[in-house]
Amino acid sequence: MPPSRVLGLLGTGVAAGAAATAYAAWEARQYTLRRVDVPLLPSGMRPLRVLHISDIHMTPGQIRKQEWLRGLAALEPDLVIDTGDNLAHRDSVPVVLDSLGGLLDRPGVFVHGSNDYFEPGFRNPLGYLLPDNGKRHVNVPALPWGDLSAGLAGSGWLDLTNRRAALTVGETRFAFAGVDDPHLGYDDLTAVAGRSDGAADVRLGVAHAPYLRVLDQFATDGYDAIVAGHTHGGQVCLPRLSNLSRAGRALTTNCDLEPARARGLHRHPADSRPGDPGSAWMHVSAGLGTSPYARIRVACRPEATLLTLLPQD
(Lines give C-alpha, C1' and ligand atoms only; values in the text may rest on other atoms or scores of the structure.)
Protein backbone atom coordinates (compact mmCIF):
# COMPACT_ATOMS: atom_id res chain seq x y z
CA MET A 1 0.00 0.00 0.00
CA PRO A 2 1.42 3.42 -0.88
CA PRO A 3 2.59 5.48 2.09
CA SER A 4 0.13 8.22 1.19
CA ARG A 5 -2.72 5.70 1.39
CA VAL A 6 -1.55 4.48 4.80
CA LEU A 7 -1.32 8.03 6.11
CA GLY A 8 -4.78 8.76 4.74
CA LEU A 9 -6.28 5.77 6.55
CA LEU A 10 -4.53 6.68 9.77
CA GLY A 11 -5.80 10.22 9.50
CA THR A 12 -9.33 8.98 8.92
CA GLY A 13 -9.10 6.70 11.96
CA VAL A 14 -7.81 9.46 14.20
CA ALA A 15 -10.54 11.82 13.03
CA ALA A 16 -13.24 9.19 13.61
CA GLY A 17 -11.89 8.46 17.09
CA ALA A 18 -11.81 12.15 17.96
CA ALA A 19 -15.37 12.60 16.72
CA ALA A 20 -16.61 9.61 18.75
CA THR A 21 -14.90 10.88 21.89
CA ALA A 22 -16.34 14.36 21.41
CA TYR A 23 -19.83 12.90 20.98
CA ALA A 24 -19.45 10.73 24.11
CA ALA A 25 -18.32 13.76 26.13
CA TRP A 26 -21.27 15.78 24.80
CA GLU A 27 -23.79 13.06 25.62
CA ALA A 28 -22.52 12.79 29.20
CA ARG A 29 -23.88 16.31 29.73
CA GLN A 30 -27.31 15.81 28.14
CA TYR A 31 -29.27 15.57 31.39
CA THR A 32 -32.65 13.95 30.85
CA LEU A 33 -35.80 13.52 32.92
CA ARG A 34 -37.47 10.15 32.37
CA ARG A 35 -41.12 9.54 33.25
CA VAL A 36 -42.31 6.05 34.17
CA ASP A 37 -45.66 4.75 35.46
CA VAL A 38 -45.62 1.98 38.06
CA PRO A 39 -48.97 0.29 38.95
CA LEU A 40 -48.49 -0.72 42.57
CA LEU A 41 -50.80 1.39 44.75
CA PRO A 42 -53.89 -0.15 46.35
CA SER A 43 -57.10 0.36 44.44
CA GLY A 44 -58.67 3.78 44.79
CA MET A 45 -55.60 5.66 46.04
CA ARG A 46 -54.50 8.85 44.35
CA PRO A 47 -51.32 8.66 42.22
CA LEU A 48 -48.04 9.68 43.82
CA ARG A 49 -44.94 11.08 42.13
CA VAL A 50 -41.58 9.72 43.27
CA LEU A 51 -38.36 11.28 42.01
CA HIS A 52 -35.52 8.76 41.75
CA ILE A 53 -32.02 10.28 41.60
CA SER A 54 -28.78 8.33 41.63
CA ASP A 55 -25.06 8.37 40.81
CA ILE A 56 -24.64 12.14 40.74
CA HIS A 57 -20.83 11.82 41.10
CA MET A 58 -20.58 15.53 41.81
CA THR A 59 -17.45 17.65 41.69
CA PRO A 60 -17.51 21.37 42.62
CA GLY A 61 -16.80 22.49 39.06
CA GLN A 62 -19.76 20.74 37.41
CA ILE A 63 -21.91 23.86 37.24
CA ARG A 64 -24.28 22.68 34.51
CA LYS A 65 -25.10 19.50 36.42
CA GLN A 66 -25.70 21.51 39.59
CA GLU A 67 -28.11 23.87 37.83
CA TRP A 68 -30.03 21.03 36.21
CA LEU A 69 -30.30 19.13 39.49
CA ARG A 70 -31.45 22.27 41.31
CA GLY A 71 -34.24 22.68 38.74
CA LEU A 72 -35.79 19.31 39.65
CA ALA A 73 -37.37 20.92 42.71
CA ALA A 74 -39.91 22.51 40.34
CA LEU A 75 -41.40 19.04 39.83
CA GLU A 76 -42.62 19.11 43.46
CA PRO A 77 -42.46 15.31 43.87
CA ASP A 78 -44.33 13.67 46.71
CA LEU A 79 -41.22 11.66 47.62
CA VAL A 80 -37.53 11.64 46.68
CA ILE A 81 -35.37 8.50 46.65
CA ASP A 82 -31.59 8.95 46.40
CA THR A 83 -29.74 5.69 45.72
CA GLY A 84 -26.22 6.93 46.34
CA ASP A 85 -22.89 7.78 44.72
CA ASN A 86 -23.54 11.47 45.21
CA LEU A 87 -19.89 12.41 45.69
CA ALA A 88 -16.81 12.47 43.46
CA HIS A 89 -14.70 15.01 45.35
CA ARG A 90 -13.94 15.70 49.01
CA ASP A 91 -15.35 19.24 48.72
CA SER A 92 -18.63 18.14 47.14
CA VAL A 93 -20.87 17.70 50.20
CA PRO A 94 -22.03 21.36 50.39
CA VAL A 95 -22.32 21.43 46.60
CA VAL A 96 -24.58 18.38 46.57
CA LEU A 97 -26.76 19.72 49.38
CA ASP A 98 -27.07 23.09 47.64
CA SER A 99 -27.90 21.43 44.30
CA LEU A 100 -30.61 19.31 45.88
CA GLY A 101 -32.03 22.60 47.12
CA GLY A 102 -35.80 22.53 47.36
CA LEU A 103 -35.88 18.73 47.04
CA LEU A 104 -34.64 18.57 50.62
CA ASP A 105 -37.93 20.17 51.65
CA ARG A 106 -39.81 17.18 50.26
CA PRO A 107 -40.06 13.79 52.04
CA GLY A 108 -37.04 11.70 51.09
CA VAL A 109 -34.93 8.60 51.77
CA PHE A 110 -31.33 7.75 50.89
CA VAL A 111 -28.57 5.15 50.90
CA HIS A 112 -24.88 5.46 50.03
CA GLY A 113 -22.75 3.95 47.28
CA SER A 114 -19.04 3.17 47.14
CA ASN A 115 -18.20 6.55 45.63
CA ASP A 116 -19.66 8.30 48.67
CA TYR A 117 -17.08 6.53 50.81
CA PHE A 118 -13.84 6.68 48.82
CA GLU A 119 -12.11 9.16 46.52
CA PRO A 120 -12.30 8.29 42.82
CA GLY A 121 -9.04 7.55 41.07
CA PHE A 122 -7.94 7.33 37.48
CA ARG A 123 -8.47 3.85 36.07
CA ASN A 124 -8.67 2.40 32.60
CA PRO A 125 -12.23 3.25 31.49
CA LEU A 126 -12.31 0.12 29.32
CA GLY A 127 -11.91 -1.93 32.48
CA TYR A 128 -15.55 -1.16 33.27
CA LEU A 129 -16.56 -3.30 30.29
CA LEU A 130 -14.67 -6.34 31.58
CA PRO A 131 -16.11 -8.94 33.98
CA ASP A 132 -15.99 -7.94 37.65
CA ASN A 133 -12.77 -9.27 39.15
CA GLY A 134 -13.89 -8.58 42.72
CA LYS A 135 -11.25 -5.92 43.33
CA ARG A 136 -12.51 -2.88 45.24
CA HIS A 137 -10.54 0.35 45.42
CA VAL A 138 -10.70 1.04 49.15
CA ASN A 139 -6.99 1.80 49.69
CA VAL A 140 -7.56 5.47 48.87
CA PRO A 141 -8.52 8.47 51.03
CA ALA A 142 -12.05 8.44 52.46
CA LEU A 143 -14.64 11.02 51.47
CA PRO A 144 -16.71 12.92 54.09
CA TRP A 145 -19.73 10.65 53.73
CA GLY A 146 -20.68 11.28 57.36
CA ASP A 147 -21.17 14.97 56.59
CA LEU A 148 -23.37 13.99 53.66
CA SER A 149 -25.47 11.72 55.86
CA ALA A 150 -25.82 14.45 58.47
CA GLY A 151 -26.86 17.01 55.85
CA LEU A 152 -29.49 14.78 54.27
CA ALA A 153 -30.85 13.46 57.56
CA GLY A 154 -30.79 16.95 59.05
CA SER A 155 -33.09 18.07 56.25
CA GLY A 156 -35.57 15.35 57.19
CA TRP A 157 -34.64 12.56 54.79
CA LEU A 158 -34.58 9.03 56.22
CA ASP A 159 -31.22 7.24 56.29
CA LEU A 160 -31.89 3.66 55.14
CA THR A 161 -28.36 2.34 55.71
CA ASN A 162 -29.12 -1.28 56.74
CA ARG A 163 -32.37 -0.09 58.27
CA ARG A 164 -36.11 -0.31 58.04
CA ALA A 165 -38.26 2.79 58.31
CA ALA A 166 -41.82 4.00 57.74
CA LEU A 167 -43.10 7.24 56.31
CA THR A 168 -46.56 8.57 55.56
CA VAL A 169 -46.88 10.72 52.44
CA GLY A 170 -50.34 12.23 52.09
CA GLU A 171 -52.73 9.34 52.60
CA THR A 172 -50.14 6.68 51.69
CA ARG A 173 -48.11 4.77 54.28
CA PHE A 174 -44.70 3.63 52.99
CA ALA A 175 -42.59 0.88 54.53
CA PHE A 176 -38.90 0.94 53.53
CA ALA A 177 -35.96 -1.37 53.89
CA GLY A 178 -32.54 -0.19 52.76
CA VAL A 179 -29.05 -1.61 52.68
CA ASP A 180 -25.58 -0.14 52.61
CA ASP A 181 -23.59 -0.51 49.39
CA PRO A 182 -23.68 -4.14 48.13
CA HIS A 183 -20.82 -3.48 45.70
CA LEU A 184 -18.47 -3.09 48.66
CA GLY A 185 -20.18 -5.90 50.56
CA TYR A 186 -21.48 -3.45 53.17
CA ASP A 187 -25.07 -4.68 52.90
CA ASP A 188 -26.42 -6.32 56.05
CA LEU A 189 -29.36 -8.31 54.77
CA THR A 190 -29.91 -9.92 58.17
CA ALA A 191 -30.63 -6.50 59.67
CA VAL A 192 -33.56 -5.93 57.29
CA ALA A 193 -34.71 -9.51 56.77
CA GLY A 194 -38.28 -10.63 57.29
CA ARG A 195 -41.70 -9.92 55.93
CA SER A 196 -42.37 -6.29 55.17
CA ASP A 197 -44.87 -4.17 57.10
CA GLY A 198 -48.25 -5.65 56.27
CA ALA A 199 -50.04 -2.45 57.33
CA ALA A 200 -48.23 -0.34 54.73
CA ASP A 201 -49.86 0.68 51.47
CA VAL A 202 -46.53 0.55 49.58
CA ARG A 203 -43.40 -1.40 50.48
CA LEU A 204 -40.12 -0.29 48.87
CA GLY A 205 -36.65 -1.84 49.03
CA VAL A 206 -33.76 0.58 48.42
CA ALA A 207 -30.15 -0.21 47.52
CA HIS A 208 -27.33 1.42 45.62
CA ALA A 209 -26.18 -1.60 43.60
CA PRO A 210 -28.79 -4.09 42.34
CA TYR A 211 -27.01 -7.33 43.24
CA LEU A 212 -29.20 -10.38 42.86
CA ARG A 213 -28.87 -11.41 46.53
CA VAL A 214 -30.42 -8.08 47.55
CA LEU A 215 -33.15 -8.18 44.91
CA ASP A 216 -34.02 -11.76 45.82
CA GLN A 217 -34.42 -10.99 49.52
CA PHE A 218 -36.51 -7.86 49.02
CA ALA A 219 -38.80 -9.67 46.58
CA THR A 220 -39.13 -12.71 48.86
CA ASP A 221 -39.88 -10.48 51.85
CA GLY A 222 -42.86 -8.97 50.08
CA TYR A 223 -41.62 -5.58 48.91
CA ASP A 224 -43.72 -4.17 46.08
CA ALA A 225 -40.80 -2.50 44.31
CA ILE A 226 -37.02 -2.19 44.54
CA VAL A 227 -35.15 1.00 43.64
CA ALA A 228 -31.43 1.02 42.77
CA GLY A 229 -28.72 2.71 40.72
CA HIS A 230 -24.99 1.92 40.28
CA THR A 231 -25.09 0.50 36.74
CA HIS A 232 -24.98 3.86 34.89
CA GLY A 233 -27.28 2.06 32.47
CA GLY A 234 -24.19 0.45 31.01
CA GLN A 235 -22.73 3.95 30.35
CA VAL A 236 -21.15 2.92 27.04
CA CYS A 237 -23.89 1.10 25.14
CA LEU A 238 -24.41 -0.17 21.62
CA PRO A 239 -26.30 2.70 19.98
CA ARG A 240 -29.53 2.48 18.02
CA LEU A 241 -28.33 4.14 14.83
CA SER A 242 -31.89 5.03 13.83
CA ASN A 243 -32.33 7.14 16.99
CA LEU A 244 -29.22 8.12 18.93
CA SER A 245 -31.28 9.82 21.67
CA ARG A 246 -32.75 6.45 22.70
CA ALA A 247 -30.97 4.24 25.17
CA GLY A 248 -28.77 1.65 23.53
CA ARG A 249 -28.03 -1.93 24.54
CA ALA A 250 -25.97 -2.18 27.69
CA LEU A 251 -22.87 -4.34 27.63
CA THR A 252 -22.31 -4.51 31.37
CA THR A 253 -23.82 -3.58 34.75
CA ASN A 254 -20.75 -3.68 37.04
CA CYS A 255 -22.62 -6.20 39.21
CA ASP A 256 -24.30 -9.58 38.71
CA LEU A 257 -27.52 -8.12 37.27
CA GLU A 258 -27.83 -9.04 33.61
CA PRO A 259 -27.31 -6.19 31.09
CA ALA A 260 -30.86 -6.48 29.73
CA ARG A 261 -32.08 -4.94 33.02
CA ALA A 262 -29.31 -2.35 33.39
CA ARG A 263 -31.77 0.54 33.44
CA GLY A 264 -35.47 1.32 33.59
CA LEU A 265 -38.49 -0.53 34.97
CA HIS A 266 -38.47 -4.33 35.05
CA ARG A 267 -39.77 -7.23 37.09
CA HIS A 268 -37.74 -9.28 39.52
CA PRO A 269 -37.37 -12.15 39.03
CA ALA A 270 -37.14 -11.28 35.36
CA ASP A 271 -39.80 -13.77 34.24
CA SER A 272 -42.34 -12.85 36.94
CA ARG A 273 -45.61 -10.98 36.55
CA PRO A 274 -47.48 -8.62 38.88
CA GLY A 275 -49.20 -10.64 41.57
CA ASP A 276 -46.72 -13.51 41.49
CA PRO A 277 -45.59 -14.40 45.05
CA GLY A 278 -42.00 -13.46 45.79
CA SER A 279 -41.78 -10.95 42.95
CA ALA A 280 -41.50 -7.18 42.71
CA TRP A 281 -41.13 -4.26 40.38
CA MET A 282 -37.56 -3.02 40.02
CA HIS A 283 -36.41 0.38 38.82
CA VAL A 284 -32.73 0.90 38.03
CA SER A 285 -31.57 4.44 37.31
CA ALA A 286 -28.85 5.09 34.75
CA GLY A 287 -27.80 7.96 37.00
CA LEU A 288 -26.62 11.50 36.38
CA GLY A 289 -22.86 11.22 36.42
CA THR A 290 -19.68 9.40 35.51
CA SER A 291 -16.21 9.10 36.92
CA PRO A 292 -14.66 12.59 36.84
CA TYR A 293 -11.75 11.01 34.95
CA ALA A 294 -13.90 9.61 32.14
CA ARG A 295 -16.87 11.90 31.56
CA ILE A 296 -18.25 9.98 28.61
CA ARG A 297 -21.49 8.21 27.81
CA VAL A 298 -22.61 6.51 24.63
CA ALA A 299 -26.30 5.84 23.88
CA CYS A 300 -27.00 6.25 27.59
CA ARG A 301 -27.84 9.80 28.60
CA PRO A 302 -27.58 10.88 32.24
CA GLU A 303 -30.97 10.83 33.88
CA ALA A 304 -33.28 11.27 36.81
CA THR A 305 -36.66 9.53 36.76
CA LEU A 306 -40.09 10.70 37.87
CA LEU A 307 -41.95 7.54 38.84
CA THR A 308 -45.72 7.94 38.97
CA LEU A 309 -47.17 5.35 41.31
CA LEU A 310 -50.64 4.35 40.11
CA PRO A 311 -53.41 2.14 41.53
CA GLN A 312 -52.95 -1.47 40.43
CA ASP A 313 -56.36 -1.49 38.77
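Guide: Buried means under 20% relative accessible area, exposed over 50% and partly exposed in between, with a 1.4 Å probe and protein chains only; by that rule Y223 is buried, because its relative accessible area is 1%. This is a predicted model in which local features need pLDDT of at least 70 and side-chain atom pairs count only at pLDDT 80 or more, whereas totals for chains, interfaces and linings use all residues. Residues are numbered from 1 along each chain as its sequence is written, and side-chain values use heavy atoms, with hydrogens and water left out.

Visitor: How many aromatic pairs does a search of the whole structure find?

Guide: Rings of Phe, Tyr and Trp (its six-membered ring) pair if their centres lie within 6.5 Å, and planes under 30 degrees apart count as stacked, over 60 as edge-to-face and the rest as tilted. The search finds six such pairs. In one of them, the ring centres of Y31 and W68 are 5.8 Å apart and the planes lie at 35 degrees, so the pair is tilted. Y31 counts as buried at 11% relative accessibility, whereas W68 counts as partly exposed at 23%. For F218 and Y223, the centres are 5.5 Å apart and the planes at 65 degrees, so that pair is edge-to-face; F218 counts as buried, at 0% relative accessibility.

Visitor: Which charged end sits over the ring of Y211?

Guide: A charge sits over a ring if NZ of Lys or CZ of Arg is within 6 Å of the ring centre and within 35 degrees of the ring normal. Here the charged end belongs to R213, 5.0 Å from the centre of the Y211 ring, while R267 lies over the face of W281, at 4.8 Å from the ring centre.
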